[in-house]
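Hello,

Here is the structure I promised to pass on.

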Amino acid sequence: FKILGDSGLKLMPLQLKWFLAGLWEYWFSLEENEMSLELTPKQITEMGKMWGDVYLSGLGVDERLAGLPPKEVLPYFKPQLAKLSLDEIKVLEKYLSQLKQKAKR
């Protein structure tokens, strides 16, 4: 698990990450008398998904979005952008204009 985490967990599909997280949680939370419990891959994946949700809920927005290209993030904000007031749109336009000026330098 350490090798996987250190060498490319970001490159793995989300389903595989959930599966590995569930497996990790399962293996390291077992008592000796529970070792005979059998879980399906689907159950282990669901455990990983729940663990991942708990982990992500503890992160700040900046940590969740770190390293993501804007093209991947922006589509999630389009519905909220449509609800902006005129004043909010003006603030956003000003901010974007400043970003453009910095990019030209």
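Along the sequence, the chain runs in the pattern α-α-α-α-α-α-α, with seven helices and zero strands. Helices here are DSSP runs of H or I of at least four residues, and strands are runs of E of at least two, both numbered from the N terminus.

This is a predicted model, so local features need pLDDT of at least 70 and side-chain atom pairs count only at pLDDT 80 or more, while totals for chains, interfaces and linings use all residues. Residues are numbered from 1 along each chain as its sequence is written, and side-chain values use heavy atoms, leaving out hydrogens and water.

On confidence, the chain averages a pLDDT (the predictor's confidence in each residue, from 0 to 100) of 76, and 73% of the residues score at least 70. Helix H1 (residues 2-6) has the lowest mean, 60, and H7 the highest, 90.

Of the 105 residues, 13% are buried, meaning under 20% relative accessible area with a 1.4 Å probe and protein chains only; exposed is over 50%, and partly exposed lies in between.

Now for the surface: Leu74, Tyr76, Phe77, Leu81, Leu92, Tyr95, Leu96 and Leu99 make a nonpolar patch of about 780 Å². Patch residues have over 30% relative accessible area and no salt bridge (a Lys or Arg side-chain nitrogen within 4 Å of an Asp or Glu carboxyl oxygen), with nonpolar side chains (Val, Leu, Ile, Met, Phe, Trp, Tyr) joined within 5 Å and like charges within 9 Å. Areas come from the Shrake-Rupley method with a 1.4 Å probe; for residues, only the protein chains shown count as cover. Helix H7 (residues 86-104) gives the most to the patch, four residues.

Best wishes
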